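Open the model in your viewer and keep the sequence panel beside it.

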Amino acid sequence: MATITACTVPEVIDMARRAGLDEVADRIDYLYKLPLENGADPMDPDSARSLVSFLTKHQELPIPGITTNPEGHVHGDWEFTKDSNLGVQFLPSGDVWFIYASRDTDTGFFRMRETGTIAPDDLLKKIPPLVNRTM
């Protein structure tokens with residue numbers, strides 16, 4: 001198993017640029033430079049690195065909407081269809097916490113279909129069948 005070394009958010013931004021993910025690098029840089037509000041934690045560099053590593057490995061995926069939460073964890077949000085959404089929190093451990101939601105045909109509102117903590121590569125095995133089932 002490879003040893004993971006500590007990094008900084010600016011190093012993660014450079015890593016994204018080297019991988020050709022300039023849009024991701026720009027968004028992380030923007031979020032990193034925002035003033036912290038209401039006791040929020042600064043962006044966790046391991047969480048940011050987890051997102052960039054995932055996107056580097058899976059460049060076939062569209063660039064997600066990228067945000068952070070008050071704990072400093074980075075989130076990716078993908079809209080695979082107009083009726084389905086995948087929210088992923090990239091944890092500093094390297095795992096991801098996800099929530100998959102799709103529009104309920106009866107009410108028109110989005111409904112949570114599945115949630116959990118999983119390895120990023122396993123996420124890509126789990127989500128396509130969910131999307132196909134809810135289309």
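## The whole chain

A compact globule of 135 residues would have a radius of gyration near 14 Å; the protein has 15 Å, which agrees. Keep in mind throughout that this is a predicted model.

Show the C-alpha trace. Along its principal axes it spans about 45 × 40 × 25 Å. Now switch to cartoon. You will find 4 helices and 5 strands.

The accessible area comes to about 8,000 Å². Carbon and sulfur atoms account for 54% of that area. Colour by burial, and 38% of the 135 residues are buried.

Colour by charge. There are 13 positive and 21 negative side chains. The centres of these two sets lie 5 Å apart.

One more overall view concerns contacts. Take those between residues at least 6 apart in sequence: 43% of them join residues at least 24 apart.

## Stop 1: A19

Select A19. It sits in the loop between α1 (9-18) and α2 (22-33). Is A19 buried, partly exposed or exposed? Its relative accessible area is 22%, so A19 counts as partly exposed; the cut-off for buried is under 20%.

A19 and Q59 are 40 residues apart along the chain, and their C-alpha atoms are separated by 9.4 Å. Beyond its neighbours within four places in sequence, A19 is in contact with T56 and Q59.

## Stop 2: N38

Move along to N38, in the loop between α2 and α3. Check the backbone here. Phi is near 50 degrees, a positive value in a residue other than glycine. Then look at the surface: N38 has 81% relative accessibility, so it counts as exposed.

## Stop 3: S47

Select S47, in helix α3 (residues 45-57). This residue is buried, with a relative accessible area of 0%.

What does S47 touch, not counting residues up to four places away in sequence? Show G72, H73 and V74, then F90, L91 and P92: these are its contacts.

## Stop 4: N85

Go to strand β3 (residues 84-90) and pick N85. Display side chains. Which side chain makes a polar contact with the side chain of N85? It is that of D77, at 3.1 Å.

Widen the view around N85. Leaving out residues up to four places away in sequence, N85 touches D77, W78, I99, Y100, A101 and F110.

## Stop 5: I127

Finish in helix α4 (residues 120-133), where I127 is found. At 4% relative accessibility, I127 counts as buried.

I127 and L86 are 41 residues apart along the chain. Their C-alpha atoms are separated by 8.3 Å.

Now show the side chains around I127. Setting aside neighbours within four places in sequence, I127 is in contact with F80, L86, F98 and Y100.

## Before you close the viewer

S47 is buried at 0%. A19 is partly exposed at 22%. N38 is exposed at 81%.

Note on methods
Residues are numbered from 1 along each chain as its sequence is written. This is a predicted model: local features need pLDDT of at least 70, side-chain atom pairs count only at pLDDT 80 or more; totals for chains, interfaces and linings use all residues. Side-chain values use heavy atoms; hydrogens and water are left out. Helices (H or I, at least four residues) and strands (E, at least two) are DSSP runs, numbered from the N terminus. The radius of gyration is taken over C-alpha atoms; the globule rule is 2.2 Å times the number of residues to the power 0.38. Buried means under 20% relative accessible area, exposed over 50%, partly exposed in between (1.4 Å probe, protein chains only). Contact means heavy atoms within 4.5 Å. Accessible areas come from the Shrake-Rupley method with a 1.4 Å probe; for residues, only the protein chains shown count as cover. Lys and Arg count as positive and Asp and Glu as negative; His and the chain ends are not counted. The place of a charge is taken as NZ of Lys, CZ of Arg, CG of Asp or CD of Glu. A polar contact is a pair of N or O atoms within 3.5 Å; within protein, one must be able to donate a hydrogen and the other to accept it, and residues adjacent in sequence count only if both atoms are side-chain atoms.
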